[in-house]
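Please read these points with the model open beside you.

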Amino acid sequence: MLQLYYWFKGVLIGFLVSAPIGPVGILCIKRVINRGVFQGFATGLGASLGDGFYSALAAFGLTFVLNFLIREEFWFRLIGGLVLIGIGILWLLKKNKYEGFKKNPQKSRHVGEAFTTAFLLNLANPVTLLVYLALFSGFGLANASAHIFSAFSLVLGVIMGAAAWWFLLVEVVALFRKKLTEKSFEVLNKITADLVIAFGLFVLLTTVFHIKIFGQSF
């Protein structure tokens, strides 16, 4: 019964943490539009496991890993920001072919790549770890590490909650993509690329210049 309690709280936390649209969300949306739902699902699953990794560190209390990530946060964020800017620039330079969305010829291609890039992109922001530590404490789950099955149930719940959000997002975007015209397709591609570059610049600026917003570094 205790494991069910931790699992349910984990589902709720995983969903809440994933819901705000950030770089991975934009990446997921773009892949659904350009390549179809399989790419979107793979991206969402990769992001969910990235959340699972950080939630596991928080739930199991792996102190030496926590200390390392916090100590090297500057380099993680610096690399993550540069990667985001690079992805955005590539999107601007790449010409995506509009196909009317009647077929998904690429649905079985590069699924592993979609999964891996989303997973690594999520890991590039160790602030996620601090978010899970804060939420676990706020939800009264800080003692989950005392019982291995409770901690495991909590992490499993986080992964499932995050996955639920990503699958919901993919389905909504899949419905929307059918109504896109060639012109709106081109505009959306440019907007998503610009947003990813903006996120990357934001991460770099707040990292290099130690800018704090609302008393916290982002």
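This is a predicted model: local features need pLDDT of at least 70, side-chain atom pairs count only at pLDDT 80 or more; totals for chains, interfaces and linings use all residues.

1. Start with helix α6. Its residues A114, A118, L121, N122 and L123 are buried, where buried means under 20% relative accessible area, exposed over 50% and partly exposed in between, with a 1.4 Å probe and protein chains only. These buried residues of α6 pack against α2 (23-35), α3, α5 (73-93) and α7. Helices (H or I, at least four residues) and strands (E, at least two) are DSSP runs, numbered from the N terminus.

2. Residues are numbered from 1 along each chain as its sequence is written, and side-chain values use heavy atoms, with hydrogens and water left out.

3. Now the length of α6. The helix covers residues 111-123, which is 13 residues, and reaches 19 Å from its first C-alpha to its last, close to the 18 Å expected at 1.5 Å a residue. The expected span is 1.5 Å times one less than the number of residues.

4. The chain as a whole has nine helices and two strands. Their order along the sequence is α-α-α-α-α-α-α-α-α-β-β. Of the 218 residues, 43% are buried. Take the contacts (heavy atoms within 4.5 Å) between residues at least 6 apart in sequence: 89% of them join residues at least 24 apart.

5. Because 17 of the 24 residues are buried, α3 is largely enclosed by the rest of the structure. After α3 comes G61, with a positive phi near 65°.

6. How far apart are the axes of α3 and α6, and at what angle do these helices pack? The axes are 7 Å apart and the angle is about 35°. Axes here are lines fitted to C-alpha atoms, for helices over the stretch in contact, and angles run from 0 to 180 degrees between N-to-C directions. The crossing of α3 and α6 is right-handed; a crossing is left-handed if the near helix is turned anticlockwise from the far one by less than a right angle, and right-handed if clockwise. On the α3 side the contact includes Q39, A42, T43 and L45, and on the α6 side V111, A114, F115 and A118 are among the residues involved. By class, this contact has twelve nonpolar, five polar and one charged residues. In this scheme Ala, Val, Leu, Ile, Met, Phe, Trp, Tyr, Cys and Pro count as nonpolar, Asp, Glu, Lys and Arg as charged, and the others, Gly among them, as polar.

7. The next pair is α3 (residues 37-60) with α7 (residues 127-138). Their axes come within 9 Å and cross at roughly 50°, so α3 and α7 are oblique to each other. The cut-offs are under 35 degrees for roughly parallel, over 145 for roughly antiparallel, 65 to 115 for roughly perpendicular, and oblique for the rest. This crossing, too, is right-handed. D51, Y54, S55, L57, A58 and A59 of α3 meet T128, L129, Y132, L133 and F136 of α7. These residues divide into eight nonpolar, two polar and one charged.

8. For α3 and helix α8 (residues 148-177), the axes come within 8 Å and cross at roughly 155°. That makes α3 roughly antiparallel to α8. α3 passes α8 in a right-handed crossing. The residues of this contact comprise 20 nonpolar, five polar and two charged.

9. Leaving aside neighbours within four places in sequence, G52 is in contact with V155 and I159. G52 and V155 are 103 residues apart in sequence, but their C-alpha atoms are 5.9 Å apart.

10. Two further residues can be checked in the viewer. K30, found in helix α2, is buried with a relative accessible area of 6%, and its C-alpha is separated by 7.2 Å from that of N189, 159 residues apart along the chain. V127 belongs to helix α7 and is buried at a relative accessible area of 12%.
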